[in-house]
Amino acid sequence: MTQLAYRAPAPSRAATGLPRGLSTGLFAGFSDDLPDDLSTGIPGFGPAHADSAAGLADRPIGAKPRLTTTVPKEYVHRACHAEVFLTGSEQSSDTTFTVTAQWPRAHTFFSTPDGTRHDPMQAAETIRQTGLYLAHTRFGVPLDHRFMMWNLDCTTHPRRLTIGGTPTDLTIEARLEPQPRTRTTIDFTLTITMRRGPHVAATGLTRFTTVSDATYRRLRGACRNPDTNRADGTNSTDRTDGPGSPDGASTSERLVPAQAPAGPPLPPARVGRLRPADVVLTPSDEPDTWHLTPDPWHPILFDHAIDHIPGMVLLEAARQAANALTSPVTIAPTAMTTTYHRYAEHDAPTTVTACLSRAEDPDALTTVVTGHQYGAPIFTTVITGRPEHG
């Protein structure tokens, strides 16, 4: 599994748009975490604004057109406003919602080699943001709770990812169903259909669990050596946990990755990337296996400090491994199915292995990618895509 976390003050019931009737029963575990005053919420984002990211944008003022902006970045666990793709939502029923989103015509990371289509990884990131946003704003999960993602599936339709003359506006039909586990722990299952105009551009599914910060710290402490804070119990400098960043890690000190293997990363063209800074794999001595060596200061992959390797980094590693396996043929993913087995620790050497599998579509290639730390699996991704000869 992977954990999605953004440390921020717990919002009030008003600030999250949580109906007062949800403070009992299924959501009783969260009711005590929502203060009555608005000082810890997000200013200007109360119940009157629950159906719009823009707040005042939905209020008719004369004949002026409706204005649009992104949702607050805290709700999607991003530190940079530019990395927020959602623009608002409306509730259809107890568990169904219509979410709006916009993709820019160009992005520094979510891009394709020829620059003519949106990156399928951007659809996966939009699914991730949708689940977090709805959990916070519609179900009242406090902003300081942690999210553990168990799986992330995404299918895209390449013809609907073509970049046009304006940013791409999307309408997302989302169903977010909570399943209570304990008083303070809830499992959520999110299924989405992403439309570009009347056409389906992507579909997806993810499941995640929310826990309080205290529960998360106990959970993380149980699987690490308390004296060294390492996954394997060997000596290491303790990581810094303190105020000043979204996830409790110091903004001036991030977790130190495991010692990088000697040698440069793979060439960008071999893994379907354009910039060397975006490559996350380094060669190893084993066949069809690479070391995971992302730049911990990458502005997109590590948007904020976090105490483990994020799930989206692992998904990008899987995409790059699939391309490295079939190079010089590039795989444009149309379907990605990922299961997260355990936390991927920064200070543990990580290997990524890829192998081809039989595809149902004779014109497609299916690759199974697995990541391991100390011999234990941390994630498995199955990628299917059409080969593109460069």
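Me: Which residue meets Glu74 in a salt bridge?
Reply: This is a predicted model, in which local features need pLDDT of at least 70 and side-chain atom pairs count only at pLDDT 80 or more, while totals for chains, interfaces and linings use all residues. Residues are numbered from 1 along each chain as its sequence is written, and side-chain values use heavy atoms, with hydrogens and water left out. A salt bridge here is a side-chain nitrogen of Lys or Arg within 4 Å of a carboxyl oxygen of Asp or Glu. At 3.6 Å, N to O, the side chain of Glu74 meets that of Lys73.

Me: Is Lys73 buried or exposed?
Reply: Buried means under 20% relative accessible area, exposed over 50%, and partly exposed in between (1.4 Å probe, protein chains only). Glu74 has 23% relative accessibility and therefore counts as partly exposed. Lys73 has a relative accessible area of 14%, so Lys73 is buried.

Me: How many residues apart in sequence are the parts tied together by Arg117 and Glu388?
Reply: Arg117 forms a salt bridge with Glu388, with the closest N and O atoms 3.0 Å apart. Helices (H or I, at least four residues) and strands (E, at least two) are DSSP runs, numbered from the N terminus. Arg117 lies in the loop between S3 and helix H3 (120-139) and Glu388 in strand S13 (residues 376-389), so the parts tied together are apart in sequence by 271 residues.

Me: What is the relative accessibility of Arg273?
Reply: The side chains of Asp119 and Arg273 meet in a salt bridge (4.0 Å, N to O). Asp119 lies in the loop between S3 and H3, and Arg273 in the loop between helix H4 (213-222) and strand S8 (281-283), so this pair ties together parts 154 residues apart in sequence. Asp119 counts as buried because its relative accessibility is 0%. Arg273 also counts as buried, its relative accessibility being 5%.

Me: Which strand is joined to S4 by ten bridges?
Reply: Strand S4 (residues 146-156) has eight of its eleven residues buried, so S4 is largely enclosed by the rest of the structure. Two strands pair if DSSP finds at least two bridges between them. Five bridges join S4 to strand S10 (residues 329-340), and these two run antiparallel. The ten bridges, also in an antiparallel arrangement, join S4 to strand S7.

Me: Which residue in S7 stands opposite Met149?
Reply: In S10, Thr155 has Ala335 as its bridge partner. In S7 (residues 199-211), the residue opposite Met149 is Phe208.
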